[in-house]
Amino acid sequence: MCAQRVLGAGLSGDTPKGPLTRRQKAVFDLFTDPMPDRVEPCLARLASKPPSGDDWAFEVKWDGYRLAVHIGPRRKVRIVTRGGHDWTSRFPTIAHDALELGVDSAIVDGEAVVLDERGASDFGALQKALGGRGGKRFASEAIFYAFDLLYLNGHDLRALGCGERRAILDDTLGIAPHGSIHMSEDINADGAAFLRLACEMDLEGIIAKRRSAPYRSGRGGEWLKIKCVQSESFVIIGYDPSTVALGGVGRLLLAARQGDHLVYVGGVGTGFTHASATALREQMDQLIIFKPAVNMKGRPKSYRWLTPTLVAEIEFRAWTDDGKLRHAAFKGLREEADEAAVYQLS
């Protein structure tokens, strides 16, 4: 179905109202697609530099939680995490504003963030608003940056090109006021220049998307992420207790995956606040085990070893020659519902 026809159906409100006769329902069903209960998200593949060419568009890389906002029949909204968990109650403002879009049904792909004083997304602030990993608070101040539209008013849009889907999304978001839902603008610029500007503004990086590509779940290469500062997820395998450091946490010990086992990749001792370090130590002290989960010969006996279940988001500048993180800083714990992949060593 062409974009113009879908757009017309989506904006004209021509979905039949009230009870349908059997014949009307049969005719209507011929021109509608069943709304998916969940769509596995399209993920960006890491690239070392921006691609070039007219088929590529660029966006800011947001640092928050990937979410899909489902608007279904009878004005029911579900906000679903990357891992398929229902977080509607944790983002009540976004759920409320989604109803103001005035659509009968939709699935909107995007990222929930909390902005700092510069207007940049702040993952730590979002975690604090939600009460930390496993917290039960809600983020009423979160903003949802929408960057794709997968379904609208009975029509599955995933086969359309990214540029067509975004044009329909832009028109859909312009129908009604919705303070917490914004369009993630794409930038028609040279990718290398846009990356330099993003890095100068201390942003995490940029996303490149192929305009002509349909929406495909997984990491197929239609979307690319190019980072100013590397930020990845690592398992916490232990920590060094301290009587002087914030919250009693001197240093976290981290591991990445290599095949089916974990490998030690160094530690991190910065990026904590007193509150975050205290809360983190309370969680870690419930996971203490006698032996490390990885090969750690020659390490001090003062270290406390943990069951490797906590996943930390770590910002770092580079890798050392012996495979350790350089200039690392703690950003926060990843939620299980977010399904953040632990960094995989080649």
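**Ground rules.** I worked from a predicted model, where local features need pLDDT of at least 70, side-chain atom pairs count only at pLDDT 80 or more, and totals for chains, interfaces and linings use all residues. Residues are numbered from 1 along each chain as its sequence is written, and side-chain values use heavy atoms, with hydrogens and water left out.

**Cysteines.** I searched the whole structure for disulfides (cysteine sulfur atoms within 2.5 Å) and found one. The partners are C199 and C228, with their sulfur atoms 2.1 Å apart. I noted -95 degrees about the S-S bond, a left-handed link. The pair joins distant parts of the chain: C199 sits in helix α6 (residues 191–200) and C228 in the loop between β10 (223–227) and β11 (230–241), 29 residues apart. Helices (H or I, at least four residues) and strands (E, at least two) are DSSP runs, numbered from the N terminus.

Next I checked exposure: buried is under 20% relative accessible area, exposed over 50%, and partly exposed in between, with a 1.4 Å probe and protein chains only. C199 is partly exposed at 30%, and C228 is partly exposed at 24%.

I then looked at C42, which is in no disulfide; its nearest cysteine sulfur, in C162, is 8.4 Å away. That distance is too far for a bond. C42 is buried at 2%, and C162 is buried at 4%.

**Cores.** A nonpolar core here is a set of buried Ala, Val, Leu, Ile, Met, Phe, Trp, Tyr and Cys residues joined through side-chain atoms within 4.5 Å. The largest has 34 residues, of which V69, F91 and I94 touch the most other members. Elements that each supply at least two of its residues include β3, β4, α3 (92–99) and β5 (106–113). I listed the contacts of V69 (heavy atoms within 4.5 Å); leaving out residues up to four places away in sequence, they include V77, I79, I94, V108 and F144. Another core lies apart from this one, with 23 residues, among them F234, I236, A277 and I314.

**Cavity.** My search used a 1 Å grid over the protein atoms alone: a cavity is a set of points where a 1.4 Å probe fits but cannot get out, a pocket is an open set with protein on both sides within 12 Å along at least five of seven lines, and lining residues have an atom within 4 Å of a point.

The largest pocket holds about 1000 Å³ of space. Of its 36 lining residues, D122, F123, G124, A125 and K331 lie nearest its centre. The elements giving two or more residues to this lining are α4, α7 (274–284) and β19 (329–333).

The second largest pocket holds about 740 Å³. I counted 33 lining residues there, with A44, K61, R82, R219 and K225 nearest the centre.

How values were computed
Grid points are joined across faces, edges and corners, and a volume is the space filled by probe spheres set on the points.
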